[in-house]
Every structure is written in structure tokens, then in C-alpha cells.
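Subject: Structure for you to look at

Hello,

Here is the structure I said I would pass on. Please open it beside this message and follow the notes below.

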Amino acid sequence: MDGKSHVIVGLFATGVTMYATKNDSMTVPLIVGAISSLAPDLDHHNSSLTKKVSMPLKVLFSLLFLAVTLFIVVKTGKLIYSGSWIYAVGILILFIVCVSWLRNLKTILMLTGILIAVIGWFFFYGYWSIFALGLFVAVSSRLKHRGPTHSLYFLAFWCGICYLLQKDLMINGLWLAGTVGYFSHLLADQLFTKQSIKWL
């Protein structure tokens, strides 16, 4: 299933759940449900959520590496001129490796997850939902498609993140919306795709 289909299923399931539980707040839980319905596919480089999260930061990291390039060109020129060839070549090889990593959206996603976790830890201390979300994104980006992210273990992990988010934002229904949205993705993949998932 594609991202749009998962969002439609996730929104429907979340909306029905919020209505059935007579939740006062609908907008934020529906947004959480929609994002949650895409979260399991963070393990795929071409998924909707991976692209949306990775592309802006790819631009940012590219600009940073452009600045680093100019610095290295100047520094390497000085090193070569002074006779330090080995050091200069080492810097260039390291730079080429870093640039090749940035071509991979899953690597960008991992760096994004680490960045979110660091921001959560240092700037929003006490808001564990941000740190946990960054950890989820970073770990998911390194896993194979339809592996652990499409299991009950990661469903429980995501449910925990949404519970912390509900606690931090003090908006009722977020953990339920997140759980339903994530579960709708797993169920849809199990029922409507040829390749089944491993629940455990």
C-alpha cells in the first residue's frame, strides 16, 4: 500500500476511535493518527514520511557540506603546498565518504533522528517524548523494510512515545490515536499486500 492509502485508513480508524470514546479533542489526535499510520514505513527510503522528514534536512546538510567543502579546498591547498600530502588526501577521502552518505535518504533520516533526540535531551529536558521520537526515527532508519517496525514490539514503542506526548502536551487521546494509527498500518499491510508481516 502507498502512503495515501495508509493515511486514509489511519484517519478513518482514528476518527472512529475518537468518536467511539467520545474524545473532546479531535484535531490533534487525528494528526497524530495520520502520522502514526505512516511511521512504520520509516524503514523504507522511498516512503512518504521518510521523504517529508529527510528532504528539508538534506538541503540543510548539503549547505553545511558546501561550507565544509570550501574550507577543505582552502585547507588542502595549504597542506599540499606545505608538503603534507597524506593528511590532505585523508581529509578529501573523509569528505567524499561523508558526501556519499548524504545521498542516501535513510542516512539523512538517521541523522535527523539523532538531531531530534539531542534537541529533546538538551533543550527540552523533561519532555521525554521528543527524545523517544528521535530514538525511534534513528533506529527505524537503519532497519530493513517490513522488519521490526512492522511488529508488535515497535507498536508498543510507538504507543509509549504517544503516551509521553499526551503527558507532555496534556491533550487527551493522543496515545490511543497513535496506537490505532500505527496498528491500522500493520493490519492494512497484513490484509492488503502480498508480503505479510511478522507480528513478533
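A nonpolar core is a set of buried Ala, Val, Leu, Ile, Met, Phe, Trp, Tyr and Cys residues joined through side-chain atoms within 4.5 Å. Buried means under 20% relative accessible area, exposed means over 50%, and partly exposed lies in between, with a 1.4 Å probe and protein chains only.

The model is predicted, so local features need pLDDT of at least 70 and side-chain atom pairs count only at pLDDT 80 or more, while totals for chains, interfaces and linings use all residues. Residues are numbered from 1 along each chain as its sequence is written, and side-chain values use heavy atoms, leaving out hydrogens and water.

The core

The largest nonpolar core has 19 residues, and Leu42, Phe136, Trp158 and Tyr182 touch the most other members. At least two core residues come from each of helix H2 (27-38), helix H6 (128-140), helix H7 (152-169) and helix H8 (174-192). H7 gives the largest share, five residues. Helices here are DSSP runs (H or I, at least four residues), numbered from the N terminus, and strands would be E runs of at least two. In soluble globular proteins, nonpolar side chains tend to be buried together.

Tyr182 has contacts (heavy atoms within 4.5 Å) beyond its neighbours within four places in sequence, among them Ser36, Pro40, Phe136, Phe154 and Trp158.

The salt bridge

How many salt bridges are there? The count comes to one, where a salt bridge is a side-chain nitrogen of Lys or Arg within 4 Å of a carboxyl oxygen of Asp or Glu. The partners are Asp189 and Arg146, with their closest N and O atoms 3.5 Å apart. Asp189 is in helix H8 and Arg146 in the loop between H6 and H7, 43 residues apart, and the pair links distant parts of the chain. Both are buried: Asp189 has a relative accessible area of 1% and Arg146 one of 14%. Side chains of opposite charge can pair when their charged atoms come close.

Thr193 is in the segment after H8 and is buried, at 17% relative accessible area. The side chain of Thr193 makes a polar contact with that of Arg146 at 3.2 Å. A polar contact is a pair of N or O atoms within 3.5 Å; within protein, one must be able to donate a hydrogen and the other to accept it, and residues adjacent in sequence count only if both atoms are side-chain atoms. Thr193 also touches Met1; the two are 192 residues apart in sequence but 6.8 Å apart in space, C-alpha to C-alpha.

The surface patch

Helix H5 (residues 105-123) gives the most to the patch, seven residues.

Backbone angle

Lys22 has a positive phi of about 55 degrees although it is not a glycine.

Regards
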